[in-house]
Amino acid sequence: MAEREKVTVRKIVNLKGKKPIVMITAYDYPTAKIVDEVGVDIILVGDSLSMTVLGNPSTLQVDMNDMLRHTAAVSRAQPKSLLVADMPFLSYEVNVNEAVRNAGEFLRVGADAVKLEGGSEYTDVVKALTRAGIPVMGHVGLTPQKHKLLGGYRLMGKTAEEAKEIIEDAEAIAEAGAFSIVIEYTASEVAAEVTKRVKVPTICIGSGPFCDGQVLVIHDVLGLSDASPPFTKRYVNLKDIIASAIKSYKDDVENSRFPPEEMYWHMKDGEYDKLLNMLRGATSPEP
């Protein structure tokens, strides 16, 4: 079997209308290895690690240091999948120059592209990043970093006015140079319209089947999340599988079944007796 070629931004763009794009999160080296071996198109080091890995209440608590550390860990798996890193809260909103510097740091540690949330208000940032050679994935609809402003994690685009605003945001981001756009938790009609109107691939999460691809958080897929959004699908209850394995280990230790004979080793013949004589000599009182 031929080795899989590296997925590039250009390849992702060319998938629009040809093949559904598969994107999933990963936050560490071993998970990234598994995900990449499966052959997904895009690995996202999402700021969702704030909740799934670090136990925070929202994405607002992670900073550049957190995101760079986890992006570097995933990069060490040398994935063939396109590696996209989320830009965390306040890493691109302050000014364009800071956004470019921060985005550049992600490429330094191995990311292939960055993702940022927002619409037409960030077209200047998208243009500056692409001008600097940094590919940008957009993100419209529900933008979790702004959940306090939006009134919570709610379905977006239920009214014509709000739907029109989301569509215009997506068009503006695509026009500014984004190579793809995530559409999160919108009415499916909104995602369908965006997908028809922009030339770049759209990737849905909770926005229906009419995008060019789908993305999910890996902890939701594996059944490791304490609470999952209503638009996720749990493909396995890994929490129970892990708990069962640890319980078996605990039982083995408590009942002296671990480690078994084949999992530990002895000194060379006669060396233990020699050691005991040496220890006795070392502890004998002086005459």
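Here are a few questions and answers about local features of this predicted model.

Local features need pLDDT of at least 70, side-chain atom pairs count only at pLDDT 80 or more, and totals for chains, interfaces and linings use all residues. Residues are numbered from 1 along each chain as its sequence is written, and side-chain values use heavy atoms, with hydrogens and water left out.

Student: What is the phi of Leu90?

Tutor: Good one to look at! Most residues other than glycine have a negative phi. Leu90 lies in the loop between β3 and α5. Although Leu90 is not a glycine, its phi is positive, about 70°.

Student: Which residues of helix α6 are buried?

Tutor: Helix α6 covers residues 123-131. Its buried residues are covered by elements including α5 (96-108), β4 (113-115), β5 (136-141) and α8 (160-176). Those buried residues are Thr123, Val125, Val126, Ala128 and Leu129.

Student: What is the omega of the peptide bond that joins Phe258 and Pro259?

Tutor: Start with the general rule: most peptide bonds are trans. Pro259 is in the loop between α11 and α12 (271-283). The bond joining Phe258 to Pro259 is cis, with an omega of about 5°.

Note on methods. Buried means under 20% relative accessible area, exposed over 50%, partly exposed in between (1.4 Å probe, protein chains only). Helices (H or I, at least four residues) and strands (E, at least two) are DSSP runs, numbered from the N terminus. Contact means heavy atoms within 4.5 Å.
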